[in-house]
Amino acid sequence: PNLATHLGDFQFANPLMNASGVYCYDQLQLDAMAASDAGTLTTKSATMASRLGNPEPRYAHLALGSINSMGLPNLGLPYYLDYALDFQNTHPTKPIFMSIAGLSHADNIAMAHMINDNEFNGLTELNLSCPNVPGKPQVAYDLEATATLLDDIFSFFSKPMGVKLPPYFDLAQFDEMAAILNRYPLIYVNSINSLGNGLWVNPDSDTVAIKPKGGFGGIGGDYAKPIALANVRAFAQRLKPEIQIIGTGGVKSGRDVYDLLLCGASLVQVGTALYEEGPEIFTRLNAELDQELTKKGLTELDSVIGQLKTLD
Ligand code: RRO
């Protein structure tokens with residue numbers, strides 16, 4: 001089967017990539033992603049200035065996934081922009097994603113200007129869903145703040161952009177958020193970020209698993225998969241056709257990739273399982289996805305994307 005896919009005019013050899021935050025902090029990790037069998041890669045969510053993030057331990061492996069409260073450690077937008085500009089010259093057929101997560105409205109606007117006024121020709125992902133910076137609520141749980149930010153960004157921003165969303169749990173929330181997103185020239189929506197502010201108890205020590213925020217952190221892995229499937233499906237049913245979907249959450253096998261494609265994703269990102277297995281995971285996931293299509297007698301991803309069946 002042919003595993004090629006696209007987002008707007010951007011073409012990818014296969015639908016797999018890292019979820020922002022995993023294997024993308026610095027040049028060493030980004031180069032390892034670039035050398036892997038993933039279709040492309042994204043940089044770590046950036047702020048304008050570099051940040052150390054929250055105190056350690058800030059990531060823990062759980063029975064069925066992970067908990068993290070990294071707190072947006074990153075090397076600053078200029079670092080990732082430099083990397084992306086170099087990357088687009090050396091890899092002209094592999095469009096790269098650059099993620100930004102401003103600590104304020106003004107920070108997001110300043111970063112969008114910097115990207116817009118640059119030779120960068122990849123995709124920009126506006127992360128509206130970081131759950132882990134103390135005192136900074138997830139933007140996309142505030143509909144008014146989301147609309148105001150997108151109004152201000154699209155008053156000048158002229159490059160391809162998508163948004164990274166947190167999980168929603170009520171159909172009315174999907175209706176409301178999709179109605180807002182449909183007002184803008186977004187090229188994709190990425191669902192979902194980690195399940196914000198979960199908690200884990202270590203039974204040996206009777207303690208929480210991570211240090212920041214008294215133990216609260218974003219949950220990923222198997223815990224996230226059904227929520228991710230629902231969010232991808234719900235947005236696929238509500239967004240205008242020009243807005244495609246990246247599916248993220250609970251992917252550790254080719255069948256998991258296939259399931260997100262069925263729900264409507266055009267690309268699929270890997271977070272927790274990439275953290276645990278490293279970039280070699282993309283060789284296995286591509287092979288397993290290939291087998292899933294072969295089993296079904298399908299020759300291309302377009303025969304899978306959005307083709308989920310219901311029981312009525
Ligand atoms: O850095 C983080 O703590 C982090 C971010 Br920005 C995010 O968007 N999602 C997440 O699980 N962790």
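Predicted model: local features only at pLDDT ≥ 70, side-chain atom pairs only at ≥ 80, totals over all residues.
I take helices (H or I, at least four residues) and strands (E, at least two) as DSSP runs, numbered from the N terminus. Residues are numbered from 1 along each chain as its sequence is written.

**Entry 1: K44**

I looked up K44 and found it in the loop between α1 (27–35) and β4 (59–62). K44 belongs to the UniProt annotation "binding site" (unreviewed entry), which also includes S20, S45, N127 and K164. I note that UniProt positions are in the numbering used here, that feature names are shortened, and that annotations may be inferred rather than shown by experiment.

Is K44 buried or exposed? K44 is buried, because 25 C-beta neighbours lie inside 10 Å. The cut-offs are 20 or more other C-beta atoms within 10 Å for buried, 12 or fewer for exposed, and partly exposed in between, with C-beta atoms placed from the backbone.

For contacts I require C-beta atoms, placed from the backbone, within 7 Å. Not counting residues up to four places away in sequence, K44 touches S20, G21, C24, Y25, N74 and S99.

**Entry 2: K164**

I found K164, also listed under "binding site" in the unreviewed UniProt entry, in strand β8 (residues 161–165). K164 is buried, with 27 other C-beta atoms within 10 Å. Leaving aside neighbours within four places in sequence, K164 contacts E125, N127, L128, S129, N190 and N193.

**Entry 3: C130**

I checked the UniProt feature "active site" (unreviewed entry), and it is placed at C130. C130 sits in the loop between β7 (123–127) and α4. C130 has 28 other C-beta atoms within 10 Å and is therefore buried. Setting aside residues up to four places away in sequence, I list S45, L72, A101 and Q138 as touching C130.

**Entry 4: α3 and α4**

I then looked at helix α3 (residues 105–116) and helix α4 (residues 143–153), which pack at an angle of about 30° with their axes 10 Å apart. Axes are lines fitted to C-alpha atoms, for helices over the stretch in contact, and angles run from 0 to 180 degrees between N-to-C directions. α3 and α4 are therefore roughly parallel to each other (angles under 35 degrees; over 145 is roughly antiparallel, 65 to 115 roughly perpendicular, the rest oblique). The contact is made by H105, N108, I109 and A112 of α3 and by L149, D152 and I153 of α4.

Key: Contact = placed C-beta atoms within 7 Å.
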